[in-house]
Amino acid sequence: MTFTFPWRTRKVKHPVAIKLFYEDPQARETMGVILGMTDGGVTYLTDLLVVEKYRGKGIGTLLVEQFIEAAKDTTIVLLTADANDFYKKFGFEERAALVRKPKQ
């Protein structure tokens, strides 16, 4: 039996976390955050959170745009099961995924 591991077929750099915050400097309050990680070839967008009272003001859009800029020249994989219409406007496409859930 032979196993193929994707990280062995391409040169992988050390993983780097991407954390971007949108803050209100006057209130000294974080209004939104986007999180992910990259190995230099593939970038995973894992979380986007906007504080409820700031939603609908374009903060999520700004954070996604900045994340895409930070991850340019890599393939970005979105790890979410909701808000797909929101992400499609940034060029994300639906693809099949394999998911393994823990046994209960």
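Lys53 counts as exposed, at 54% relative accessibility; here exposed stands for over 50% relative accessible area, buried for under 20%, and partly exposed for anything in between (1.4 Å probe, protein chains only). Lys53 forms a salt bridge with Glu29, and the closest N and O atoms are 3.6 Å apart. Helices (H or I, at least four residues) and strands (E, at least two) are DSSP runs, numbered from the N terminus. Glu29 is partly exposed, at 23% relative accessibility.

A word on the model itself. This is a predicted model, in which local features need pLDDT of at least 70, side-chain atom pairs count only at pLDDT 80 or more, and totals for chains, interfaces and linings use all residues. Residues are numbered from 1 along each chain as its sequence is written, and side-chain values use heavy atoms, with hydrogens and water left out.

Lys88 is partly exposed at 38% relative accessible area, whereas Glu94, at 57%, is exposed. Another joins Lys72 and Glu69 at 3.1 Å, again N to O. Glu69 is partly exposed, with a relative accessible area of 43%.

Now for the overall layout. The protein has 3 helices and 4 strands, and reading along the sequence gives the pattern α-β-β-β-α-β-α. Strands β2 and β3 pair in the antiparallel sense over 7 bridges; two strands pair if DSSP finds at least two bridges between them. These two strands make a hairpin with 3 residues between them, and Gly40 in the turn has a positive phi of about 95°. Within the pairing, Gly36 stands opposite Leu45 in β3.

β3 also has a partner in strand β4 (residues 75–78), and this time the pairing is parallel, over 4 bridges. Val42 lies in β3, and its bridge partner in β4 is Thr75. Val42 counts as buried because its relative accessibility is 15%. The C-alpha atoms of Val42 and Ala71 are separated by 8.6 Å, although the two residues are 29 apart along the chain.

What about the inside? In soluble globular proteins, nonpolar side chains tend to be buried together. The largest nonpolar core here has 14 residues, and those with the most contacts inside it are Ile34, Leu45, Ile59 and Phe67. Such a core is a set of buried Ala, Val, Leu, Ile, Met, Phe, Trp, Tyr and Cys residues joined through side-chain atoms within 4.5 Å. Two or more residues of this core come from each of β2, β3 and α2, and α2 gives the most, with 4 residues. Phe67 touches a whole list of residues, among them Ile18, Leu20, Ile34, Gly36, Leu45 and Ile76, leaving aside residues up to four places away in sequence. Contact means heavy atoms within 4.5 Å.

Rings of Phe, Tyr and Trp (its six-membered ring) pair if their centres lie within 6.5 Å; planes under 30 degrees apart count as stacked, over 60 as edge-to-face and the rest as tilted. By this rule the count comes to 3 aromatic pairs. One of them is Phe86 with Phe90, edge-to-face, at 5.3 Å centre to centre and 70° between the planes. Phe86 counts as partly exposed, at 23% relative accessibility. Tyr87 and Phe92 form another edge-to-face pair, with 5.9 Å between centres and 85° between planes. Both of these residues count as buried, Tyr87 at 6% relative accessibility and Phe92 at 15%.

Finally, some totals. Of the 104 residues of the protein, 23% count as buried. The protein exposes about 8,500 Å², and carbon and sulfur atoms supply 53% of that area; accessible areas come from the Shrake-Rupley method with a 1.4 Å probe, and for residues only the protein chains shown count as cover. Among contacts between residues at least 6 apart in sequence, 48% join residues at least 24 apart.

Methods. Salt bridge = Lys/Arg side-chain N within 4 Å of Asp/Glu carboxyl O.
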